[in-house]
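Please look over the structure below alongside these notes, which are arranged as numbered points.

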Amino acid sequence: MGALEGRVAVITGAGRGIGREHALLFAREGASVVVNDLGGSNAGEGADAGPAHEVVDEITAAGGRAVANTDNIATWDGAKGVVQQAIDEFGRLDVLVNNAGILRDAFIPGMEESQWDAVIAVHLKGHFAMLRHAAAYWKAQSKAGDQPNAAVINTASGSGVTLPNAGQANYGAAKAGIAALTLIAAEELDRYGVRVNAIAPIARTRLTLATPGMGALMAEPEEGEVDLFSPANISPLVAYLASEKCPLTGKVFAVQGGAISELAGWHDVKTIETDGRWLIDDIAARLPQ
Ligand SMILES: NC(=O)c1ccc[n+]([C@@H]2O[C@H](COP(=O)([O-])OP(=O)(O)OC[C@H]3O[C@@H](n4cnc5c(N)ncnc54)[C@H](O)[C@@H]3O)[C@@H](O)[C@H]2O)c1
């Protein structure tokens, strides 16, 4: 029996790259999958129904269960439609994998409002909109006495979580926000039987190949070598986090090749104290030390 037998999953941005690998593995492991993908460019421009449908065709040809969805998850109604499609087509929803993403890199002084807004919309708002509609469904199930065993897997990034990546103020801020959203959602949704975790992956996809210097770093391996940058390396962790037996919640994992690392967030590294209110000069004398 597959690790995800009987589970119904929505995977956003599953027409290409890492999300496509999640969808293929989820289906092989017995899940019914809503393959969402708007099909736009790296920068999130345009739309193409092709990628979502091609993944669905691949899954169904192999005997799996999947349906395509081409809604824009960066909109409230688009996100609602994806959740509703899982319920309409497969009768329930157990797993949400928030994965859709775009890049519009620019250094801060030259960043356009549209570059900021689009990246925040797809990543941060898109994650929240999907989470919001799925959570409302799971809360209703729980209140009706049918306690869910549900899982959300968000997609953060080393950019913003472990690496302040110059040129990615929009993307890094969104990804750091997704890590924070993961921890808050894990706290809030536990009572409804929903676990929430996040990954920070590294893999060779059109998104990374478009980043200067990354193509050489992530080159295809020689014949017989392990492919450390295959996007398929990311999916087993996501499938595990999605599985009914997984106890984990409120975690963020870096994942690449054969390595999985648990990440930890902001914490006190030093404290200075005074009696009463600080004087600016005293702060200046002590804080930089
Ligand atoms: N590849 C990496 O090394 C890496 C590193 C860190 C984080 N990530 C994250 O992993 C996720 C997947 O990225 P990838 O590298 O596989 O890129 P990708 O471009 O191959 O796949 C992303 C998919 O998301 C879809 N998408 C974009 N906006 C959408 C929207 N509004 N609605 C629905 N679908 C939409 C795209 O059409 C695309 O098919 C992203 O969130 C990305 O930020 C990737």
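Which helix gives the most to the shell around the ligand?

1. The answer is α7, which gives the most to that shell, with three residues. Helices α1 (17–28), α4, α6 (169–189) and α7 (206–209) each supply at least two residues of the shell, where helices (H or I, at least four residues) and strands (E, at least two) are DSSP runs, numbered from the N terminus.

2. Before going further, please keep in mind that this is a predicted model, in which local features need pLDDT of at least 70 and side-chain atom pairs count only at pLDDT 80 or more, while totals for chains, interfaces and linings use all residues. Residues are numbered from 1 along each chain as its sequence is written, and side-chain values use heavy atoms, with hydrogens and water left out.

3. Of the 31 residues around the ligand, those that come nearest are Asp37, Asn72, Asn99, Tyr171 and Thr205, a residue being near if one of its heavy atoms lies within 4 Å of the molecule. The shell divides into 13 nonpolar, 13 polar and five charged residues, with Ala, Val, Leu, Ile, Met, Phe, Trp, Tyr, Cys and Pro counted as nonpolar, Asp, Glu, Lys and Arg as charged, and the others, Gly among them, as polar.

4. Some individual atom pairs can be picked out: a polar side-chain atom of Asp37 lies 2.5 Å from an oxygen atom of the ligand, and a backbone N or O atom of Ile18 lies 2.8 Å from an oxygen atom of the ligand. For Leu38, a backbone N or O atom lies 3.2 Å from a nitrogen atom of the ligand. Taken alone the ligand exposes 830 Å², and the protein buries 97% of that, with accessible areas taken from the Shrake-Rupley method with a 1.4 Å probe.

5. His127 lies in helix α4 (residues 113–143) and is buried, because its relative accessible area is 2%, and buried means under 20% (1.4 Å probe, protein chains only). Leaving aside neighbours within four places in sequence, His127 is in contact (heavy atoms within 4.5 Å) with Asn98, Val122, Asn154, Thr155, Ile178 and Leu181.

6. Val238 has its place in helix α9 (residues 235–242) and is buried, with a relative accessible area of 0%. Not counting residues up to four places away in sequence, Val238 touches His22, Phe26, Val97, Ile153 and Ile199. The C-alpha atoms of Val238 and Ile199 are separated by 7.9 Å, although these residues are 39 residues apart along the chain.

Key. Buried < 20%, exposed > 50% of the residue type's maximum accessible area, 1.4 Å probe, protein only. Polar contact = N/O pair within 3.5 Å; in protein donor to acceptor, adjacent residues only side chain to side chain.
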